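Reader: Could you take me on a close look at the place where the two chains meet? I would enjoy one connected walk through it.

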There are 2 protein chains.
Amino acid sequence: MIKEVICTVVCVGDEILYGQILNTNVQYLSDVLGSMGIKVLKHITIGDEWDEMTKAFIQAEAESDLVIITGGLGPTPDDLTKPVLAKMFDSEISLNPLALAEVKALFESRGRELNELNKLQAHLPERCEMISNRVGTAPGMWFERGGKVIISLPGVPFEVKVMLEEKLVPKIKAKFKTPVIYHKMIRTVGVPESKLAELIRDWEFSLPPNIKLAYLPNLGQVRLRLTAFGDDKKQLEAEVEKEIARVLPLIQKYAFGYDKEELEQVIGNLLRKHNLSIALAESCTGGFISHRLTMVAGSSAYFMGSIIPYHNEFKDKILGIKPETLHKFGAVSEECAKEMASNTRALFGASIGLASTGIAGPTGGSDEKPVGTIWIAMDDGKEVKTRLLQLTKDRSLNIQLTSTGVLYMLWRSLTEKNLV
Amino acid sequence: MIKEVICTVVCVGDEILYGQILNTNVQYLSDVLGSMGIKVLKHITIGDEWDEMTKAFIQAEAESDLVIITGGLGPTPDDLTKPVLAKMFDSEISLNPLALAEVKALFESRGRELNELNKLQAHLPERCEMISNRVGTAPGMWFERGGKVIISLPGVPFEVKVMLEEKLVPKIKAKFKTPVIYHKMIRTVGVPESKLAELIRDWEFSLPPNIKLAYLPNLGQVRLRLTAFGDDKKQLEAEVEKEIARVLPLIQKYAFGYDKEELEQVIGNLLRKHNLSIALAESCTGGFISHRLTMVAGSSAYFMGSIIPYHNEFKDKILGIKPETLHKFGAVSEECAKEMASNTRALFGASIGLASTGIAGPTGGSDEKPVGTIWIAMDDGKEVKTRLLQLTKDRSLNIQLTSTGVLYMLWRSLTEKNLV
């Protein structure tokens, strides 16, 4: 078994600690490193402060084989990554002619003059190897000692991406022998994490030691991530597929897809494959289900349209809900949800009509129908299904969970008919 | 001057180190902590591993006054934050009756049964104070020793937000004396960052040294954040208000609100104040504008409803767009957008009708109407306004930017009539 390569990612920048920017570099770097079979041990973000930077860099070097630092390479005096690394590697900073030539060429290509600050960026610690940056003015640095590698990159996400993909991935692969890591994610909907864990407990405890399982829940969906470690990618893939084949029968009512597949994409593919169309009548969800469905490119092939009869009078006037229904049962009722689903189906001539009606909150509830009381319905021309959701006091959460409830009802119905 | 309060944010989760999710918690927490006058020293992310977690928690406690930990609180065996903290504080884990009552109540309100795993979540280290979580099953924990505070929260961003704002901000403020920092944010829409910077350049350079300005752009909106430092809150407020009074005349076409006021809330308040109502016809935005408007509690007072005639035939059949218009100009045209706005206004009997029609992408464009060609329109009963947006190749971005374009058109029109 090859020794694991351990990496720490260190980000430098006050703006990250102030919460002014979202740190996307760290996700991108982790994703690429993970796919190379490198284990990311830790992310650290520190401000532009000499002592904190020194401490973080030294600790990262001690704990890892590979350290990737982003940020702190600008031309202004608050940018300290270069002098801190020079000190740490006991190295003078001097003009690097190759770096100067590259930054000159970049400025010429943009029709701009090089100023003194830009020239400073071509000064590098003598101990490092320069990493070219064809899309920005700060070159990267590659230091090696004791079998370890420390890389410094600018903080601009686009520059990080170009330099990593073009220069660093091949260079890191040449330097380290990496083990194989294989990830696969099963996506589920309609089942809470705790119930899912009960359903698959025996399977989970019988997993081989080189396959790890993680539960990743979010707003009515839970992702199950399998991570396998070993030497041979083909073999790992086969092992993971074998485990997936064992677990799927236990969770087939909930498992809708893999990896980055979204529920609305999977539904779109099923509808398209079977030449079915849908229409919605959204009351309490106010357009959010339609939004989720139409975020999928090509959704116009099966999504006919929606009516959002937010004010009750339009449930009658536009959607043709019977006044008796509204009068007798109210707009938030199983009967109204049924009629909404059936009538929008008819109005748009769709194969399937879907509806939501409820009290999203935070006010508007009663003893009989508290905030979070929501009816959803689906008419597929053969039968009308309904479900009562009893959700929270939070408006945003209720809208989110209801949209997932409606999509789950649709997906279940498509799969129950063996349409998959 | 009061001693600075130093905070470290520790995130736990393999999924972050694998690059599978973007760590939004850390930005959100840093932003809130910063606004409380707390200095965030460091962000650390580590995996679900006992030794690494122990090391990180101990180091964070040593280096800071306040440690906030997110993640690792699920009910499954890979979730280790609770036992690691219990060990660190030399504390037994036992059933917390208050926590059990809360998780029971949550399940009952959702009409679900509690299982054994959920009950486990009500077990807490005896040494900690429970932090209620009204939107999820894992309560938070508050530990204190040696004048320091260590807080553990779940990893779900929505739960972090609710618990921080409702429970922790007041509790942290009560525990620590923080220096006075006064933030105020001016929110703008309809103007790019670079143009905004030009408009306010002279003002920006004349700001006193204790007031800092930051530009925070996001999806068609730019927030200008003023941060003032000092000893006296009243005085800082007065200074900031003076500066705001100086800058507002320069940007009055764009400045719609302050701090957390969302454009859709400001619009809602204006509509309500002047007893106006709106209806929409959304084609390329697929329900997203309606969703934004109905995320505002109480929006049913002015939002009548929407038609989403996604398939072109329903632009005619349901919304009554003239077949000649569709035939002669196409669905993506100024003429069609105008009719959509006028017809939805009439259909819902609303004061104002709004419409969007365009090519969201990534495919479906032509030489004449490339992807990103989008027409928006508004009919207020006196005139019909239109605007052509020429946006990007990215579907999601086009939907976002169009929704903001429509809301900006509505807001401008309400303010131009001196309705504010």
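Author: Let us begin with one residue pair: A:Ser306 stands opposite B:Ile308 in β14(B). The two strands involved are β14 (residues 303-308) of chain A and β14 (residues 303-308) of chain B, which run antiparallel and are joined by 3 bridges. Strands pair here if DSSP finds at least two bridges between them; strands (E, at least two residues) and helices (H or I, at least four) are DSSP runs, numbered from the N terminus.

A word on the ground rules. This is a predicted model, in which local features need pLDDT of at least 70 and side-chain atom pairs count only at pLDDT 80 or more, while totals for chains, interfaces and linings use all residues. Residues are numbered from 1 along each chain as its sequence is written, chains are lettered from A and ligands numbered from 1 in the order in which they are written, and side-chain values use heavy atoms, with hydrogens and water left out.

Now step back to the whole contact (heavy atoms within 4.5 Å). Chain A brings 83 residues to it and chain B brings 79. Together they bury about 6400 Å², with 58% of that on carbon and sulfur atoms; buried area is the accessible area (1.4 Å probe) that two parts lose on being put together, summed over both.

One joins B:Lys55 to A:Glu63, with the closest N and O atoms 3.1 Å apart. On the side of chain B that touches chain A, strand β2 (residues 39-46) of chain B gives the most, with 8 residues. By class, that side has 33 nonpolar, 29 polar and 17 charged residues; Ala, Val, Leu, Ile, Met, Phe, Trp, Tyr, Cys and Pro count as nonpolar, Asp, Glu, Lys and Arg as charged, and the others, Gly among them, as polar.

Over all chains, the count is 11 aromatic pairs, meaning rings of Phe, Tyr and Trp (its six-membered ring) with centres within 6.5 Å; planes under 30 degrees apart are stacked, over 60 edge-to-face and the rest tilted. The rings of A:Phe348 and B:Phe314 have centres 4.8 Å apart and planes at 65°, so this pair is edge-to-face. Because A:Phe348 lies in helix α15 (residues 334-348) of chain A and B:Phe314 in helix α13 (residues 312-317) of chain B, the pair joins two chains.

How values were computed
A salt bridge is a side-chain nitrogen of Lys or Arg within 4 Å of a carboxyl oxygen of Asp or Glu.
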